[in-house]
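Hi,

Here is the structure I promised to pass on.

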Amino acid sequence: MVLYTPGKTSGYPSEKIDSGIRFYFLGGAEEVGNVGCIIEDNTGTRLLIDYGMAPTRPPKYPSESPRVSDAIITHSHIDHIGMVPWLAGAYGTTLHGSSLTAKVSEIMWRDTYKVSSIENYPLSWDKRDLDLALDSWETHKIGEWFEIGEWKCKFHLAGHMPGAIMIEITTPTTTILWTGDIDTRDSPNVKGASPVKCDILCLEGTYGGRKHPPRSEEEKRFVDRVKEVVDRGGVALVPAFASGRGQDILRILNRDVPHLNVHFDGMGTRLTKDWLQFPEFNNNFKDLLKTWKWARRVYGKSDRKKALKADVIVTTSGMLDGGPALWYLNRLNSNRSNAILLTGYQAEGSGGRKLLDEGKLSIYGKMTEINLEINQYALSNHADGPSLVKFAKECAPKEIIIFHAPEDGVTCLNKELKEEFEVYLPENNKSLFLNR
Ligand SMILES: [Zn+2]
């Protein structure tokens with residue numbers, strides 16, 4: 001289905017820039033996910049950073065991008081890359097990213113295409129665009145400079161997931177750091193992001209104003225709960241995102257309870273195979289390999305039936321919106337020794353949110369009451385509020401743009417940063433000029 005008509009329906013301003021840098025958010029300014037931002041100056045250099053879609057039901061799309069020759073893709077989560085094939089099809093845009101992001105993008109796009117067909121929601125790109133996008137990648141190493149127009153660009157590790165980058169941009173008049181999604185803490189699979197000195201800091205604010213419990217305590221609470229469930233003869237069902245969280249959970253279980261029988265199912269099995277080809281993006285590759293050999297990977301129906309006798313099942317989707325998690329839940333629901341351990345945020349409207357609020361959710365179209373104990377663990381891969389403030393201070397910018405944040409997150413970060421810095425709160429589809 002056509003959502004945009006290239007060059008005709010974009011609201012991007014046509015007037016020339018005389019001075020300063022223009023930031024124009026197509027999405028993701030005052031919301032989490034759905035990111036896309038055009039950055040341009042008077043040299044005529046223009047680039048797009050990320051072009052995602054929010055995987056809500058129905059999905060939410062950013063506004064149409066104007067013509068861009070180059071786009072920087074920070075990481076492979078769907079709210080950052082979901083709309084990228086459209087760019088390749090409409091404009092032949094070159095996609096700059098890390099080698100792992102480029103590799104993983106294929107699984108993510110093919111899955112998005114499949115889900116859009118099954119659920120019959122509109123997608124502005126087709127399989128031809130997807131193939132063009134796969135051929136449009138230009139990958140760069142971390143720390144290596146490359147040029148886009150009159151600007152120089154360099155990737156830094158973002159800590160959020162393997163292959164995720166922050167982008168440093170040097171224009172003739174200023175320096176910019178775009179964080180993408182960041183985590184400043186080490187997690188089981190990636191090292192935390194380090195600050196980079198810059199003039200303009202574009203800071204994600206997903207967890208602005210909120211504080212995570214210490215990661216090690218939360219991991220222990222999770223493992224203790226798994227042990228309890230297994231000791232009473234139950235199966236612990238752990239719904240987890242395919243790209244990052246699932247692998248983190250496996251690493252934690254392999255480290256703390258290697259004697260347990262842990263099965264891994266869903267799209268994460270294919271994604272992890274991609275990770276294994278890029279050891280440089282993992283903070284302990286040997287351990288990842290060891291964990292991968294240890295976990296029992298589920299590939300077909302008979303594997304899935306065997307998994308029902310496991311101690312732990314780690315599978316997608318992380319918010320119980322589909323995937324094998326629902327198949328397992330449907331079967332495990334009859335034995336109250338079993339339990340559900342949610343490992344992340346459950347968005348409004350998701351199956352996991354309904355389960356937490358009402359004790360029931362839709363399984364294959366049938367509203368089903370769930371009689372199992374449900375626990376939730378904060379194992380996020382985003383920096384929390386205090387860490388974002390500390391990170392911003394260490395980047396020592398003159399100006400800060402807060403984006404990719406809920407309203408209360410923006411308010412809290414703004415309050416904590418505005419004494420010391422010039423803080424800007426962008427709005428979607430409006431020009432924001434800095435460094436004028
Ligand atoms: Zn992300």
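The centres of domain 1 and domain 2 are 28 Å apart, going by C-alpha atoms. This is a predicted model, by the way. Domain 1 comes in two pieces, 21-210 + 381-434, and domain 2 covers 215-376. Where they meet, 21 residues of domain 1 contact 20 residues of domain 2. On the domain 1 side, that touching set splits into seven nonpolar, eight polar and six charged residues.

So what lies between the two domains? The largest nonpolar core has 123 residues, and Ala-71, Val-84, Ala-236 and Leu-237 are the ones that touch the most other members. Both domain 1 and domain 2 contribute residues to this core, so it sits between them.

Leaving aside anything up to four places away in sequence, Ala-71 touches Leu-47, Leu-48, Tyr-51, Val-84, Leu-87, Thr-93, Leu-95 and His-96.

As for the whole chain, I get 13 helices and 22 strands. Among contacts with a separation of 6 or more, 70% are between residues 24 or more positions apart.

On overall dimensions, the C-alpha atoms fill a box of roughly 70 × 45 × 40 Å along the principal axes.

Cheers

Definitions and conventions. Residues are numbered from 1 along each chain as its sequence is written. This is a predicted model: local features need pLDDT of at least 70, side-chain atom pairs count only at pLDDT 80 or more; totals for chains, interfaces and linings use all residues. Helices (H or I, at least four residues) and strands (E, at least two) are DSSP runs, numbered from the N terminus. Two residues are in contact if their C-beta atoms, placed from the backbone, lie within 7 Å. A nonpolar core is a set of buried Ala, Val, Leu, Ile, Met, Phe, Trp, Tyr and Cys residues joined through C-beta atoms within 7 Å. A residue is buried if 20 or more other C-beta atoms lie within 10 Å of its own, exposed if 12 or fewer, and partly exposed in between; C-beta atoms are placed from the backbone. Domain bounds come from an automatic or database domain assignment. Ala, Val, Leu, Ile, Met, Phe, Trp, Tyr, Cys and Pro count as nonpolar, Asp, Glu, Lys and Arg as charged, and the others, Gly among them, as polar.
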